[in-house]
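Please read the points below alongside the sequence and the model. They take up the pocket, the metal sites and the sheet in turn.

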Amino acid sequence: MRLTVVGCSGSVPGPASAASCYLVEADDAAGRTWRVVLDLGSGSLGPLQRYCDPLEIDAVAISHLHPDHCADLAALHTYLSHHPDGPGQTQVYGPFGTAARIDELRGKRTRTDAIINVAWQAGAPVHVGPLTITAQPVTHSVPAYAMRIEGPSELPARGSATIAYSGDADVCEGLAKVAAGVDAFLCEASFLEADDAPEGTHLTAAAAGRVAQAAACDRLIVTHLPPWTDPNETLVEVAAHFSGRLDVARPGMHIVV
Ligand SMILES: [Zn+2]
Ligand SMILES: [Zn+2]
């Protein structure tokens with residue numbers, strides 16, 4: 001599996017990054033590449049086109065319906081409907097209400113078949129080519145899911161690999177479930193311990209480190225840092241709690257598991 005960070009700015013787009021969007025790719029035995037996009041936040045459909053043609057996306061997996069995670073579903077709908085090589089069609093997995101949210105973002109109630117919407121069922125695996133995605137409900141200010149993605153490994157002598165993505169979440173059982181023993185954990189760290197963080201919404205950098213350490217993740221990539229946070233402070237705080245390989249996400253980062 002290959003993971004590309006398309007956008008990783010927390011809560012709002014930043015000067016150097018769109019809001020949350022990550023591309024997961026895997027090849028099947030016949031050599032066809034399958035593509036799943038994790039979240040499609042504000043401004044992300046632009047940079048996504050550096051890495052693939054949106055007509056080639058097999059599925060979009062939405063963690064929750066805040067704009068920094070789903071706003072560009074409207075842009076995707078337009079791209080799929082109006083591109084001269086289309087019309088295209090993709091599956092969108094998301095919380096209950098995702099279809100209505102897309103209508104709201106588009107300002108229209110006339111649906112086309114560009115997007116087929118499927119609501120997450122907690123813990124029920126979804127198959128997209130060689131990829132299996134399992135969503136677990138997590139604690140946030142609105143209904144939200146974290147995801148675990150399993151697929152073929154591209155590393156020598158490995159059969160399968162796992163990636164987890166927190167979406168937006170505070171410490172909870174769902175987060176521990178998706179992260180358990182994964183090769184790479186893409187985990188939000190919206191706050192620092194010194195911030196006046198509201199309970200039950202987001203992780204601090206220290207909490208992200210503790211969750212990843214308890215889950216025995218091989219590698220932690222902290223993400224969803226707001227533009228006003230210094231990534232070096234985040235790194236120092238996470239490193240005090242996590243002993244594995246650690247990075248702060250940046251646009252264009254490419255991870256192979
Ligand atoms: Zn967010
Ligand atoms: Zn959120």
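1. The lining of the largest pocket consists of 11 nonpolar residues, 6 polar ones and no charged ones. Here Ala, Val, Leu, Ile, Met, Phe, Trp, Tyr, Cys and Pro count as nonpolar, Asp, Glu, Lys and Arg as charged, and the others, Gly among them, as polar. Of the 17 lining residues, Ser9, Ser17, Leu225, Pro226 and Pro227 lie nearest the centre of the largest pocket. Its volume is about 250 Å³. A pocket is an open set of points on a 1 Å grid over the protein atoms alone where a 1.4 Å probe fits, with protein on both sides within 12 Å along at least five of seven lines; lining residues have an atom within 4 Å of a point. The volume is the space filled by probe spheres set on the points, which are joined across faces, edges and corners.

2. This is a predicted model, in which local features need pLDDT of at least 70 and side-chain atom pairs pLDDT 80 or more, while totals for chains, interfaces and linings use all residues. Residues are numbered from 1 along each chain as its sequence is written, chains are lettered from A and ligands numbered from 1 in the order in which they are written, and side-chain values use heavy atoms, with hydrogens and water left out.

3. Donors are N, O and S atoms within 2.8 Å of the metal (3.2 Å for Na, K and Ca); water is not among the atoms, so sites may look incomplete.

4. Asp168 bridges the zinc ion (ligand 2) and the zinc ion (ligand 1), which lie 3.6 Å apart. His66 lies in the loop between β4 (59-61) and α2 (67-70) and Asp168 in the loop between β10 (160-165) and α5 (173-179), so this pair ties together parts 102 residues apart in sequence. Helices (H or I, at least four residues) and strands (E, at least two) are DSSP runs, numbered from the N terminus.

5. An open sheet of 7 strands runs in the order β6-β5-β4-β3-β2-β1-β14, with mixed pairing; two strands pair if DSSP finds at least two bridges between them. β6 (115-119) and β14 (254-256) are at the edges with a single partner strand each, so one side of each has no neighbour in the sheet. Strand β1 (residues 2-7) pairs with β14 in the antiparallel sense over 3 bridges, and Leu3 stands opposite Ile255 in β14.
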